[in-house]
Amino acid sequence: MRTLQETIRPSADLRNHYNEISKQCREGREVVIITVNGRGDTVSLSYEEYKNMKSRIELLEILSEAEDDVKNGRIAPISDIISDLRAMLQED
């Protein structure tokens, strides 16, 4: 698993140095934590990194649901699944 580099900057930097922060996120693949009065307020990251993070979260949710299905016996033999899929495809 890869860890993102994090940088902490005050909210004034967001106002005064937006282009620099944007470049830092995009090119440096960094996460910038914006603080207000010394406390974390918001996080800025590149759009590409956001999409990747969102995809990983969605995959983890799907895997969690699958694991729950296995634990609760909501499973079927693969041969049954393949037969069902073939039947569905032939209907179309």
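The model is a predicted one, in which local features need pLDDT of at least 70, side-chain atom pairs count only at pLDDT 80 or more, and totals for chains, interfaces and linings use all residues. Residues are numbered from 1 along each chain as its sequence is written, and side-chain values use heavy atoms, with hydrogens and water left out.

Helix H3 itself covers residues 47-71. Helices (H or I, at least four residues) and strands (E, at least two) are DSSP runs, numbered from the N terminus. The 25 residues of H3 should span 36 Å at 1.5 Å a residue. The expected span is 1.5 Å times one less than the number of residues in the helix. The end C-alpha atoms of H3 are 36 Å apart, which agrees with that expectation.

Buried means under 20% relative accessible area, exposed over 50%, and partly exposed in between (1.4 Å probe, protein chains only). With neighbours within four places in sequence left aside, Met 53 is in contact with Leu 4 and Leu 45. Contact means heavy atoms within 4.5 Å. Met 53 and Gly 40 are 13 residues apart along the chain, and their C-alpha atoms are separated by 20 Å. Glu 48 is also found in H3. Its relative accessibility is 42%, so Glu 48 counts as partly exposed. From Glu 48 to Ala 87 the C-alpha distance is 39 Å, across a sequence separation of 39 residues.

The protein as a whole has four helices and three strands. Along the sequence these follow the pattern β-α-α-β-β-α-α. The radius of gyration is 22 Å, well over the 12 Å that the globule rule gives for 92 residues, so the protein is more spread out than a compact globule. This radius is taken over C-alpha atoms, and the globule rule is 2.2 Å times the number of residues to the power 0.38. Taken along the principal axes, the C-alpha atoms fill a box of roughly 60 × 30 × 20 Å.

Of the 92 residues, 17% are buried. The protein exposes about 7700 Å², and carbon and sulfur atoms supply 52% of that area. Accessible areas come from the Shrake-Rupley method with a 1.4 Å probe; for residues, only the protein chains shown count as cover. Among contacts between residues at least 6 apart in sequence, 37% join residues at least 24 apart. The protein carries 13 positive and 18 negative charges, whose mean positions are 8 Å apart. Lys and Arg count as positive and Asp and Glu as negative, while His and the chain ends are not counted. The place of a charge is NZ of Lys, CZ of Arg, CG of Asp or CD of Glu.

Arg 29 is found in the loop between helix H2 (18-27) and strand E2 (30-36). Its phi is near 50 degrees, a positive value in a residue other than glycine. Arg 29 is partly exposed, with a relative accessible area of 41%. Glu 30 is placed in strand E2. This residue is buried, at a relative accessible area of 18%. Residues up to four places away in sequence not counted, Glu 30 touches Gln 5, Thr 7, Gln 24, Cys 25, Ser 44 and Leu 45.

Asn 37 is found in the loop between E2 and E3. It is not a glycine, yet has a positive phi of about 55 degrees. Asn 37 is exposed, with a relative accessible area of 77%. Arg 39 lies in strand E3 (residues 39-44). Arg 39 is likewise exposed, at 66% relative accessible area. Arg 39 and Pro 10 are 29 residues apart along the chain, and 8.9 Å separates their C-alpha atoms.
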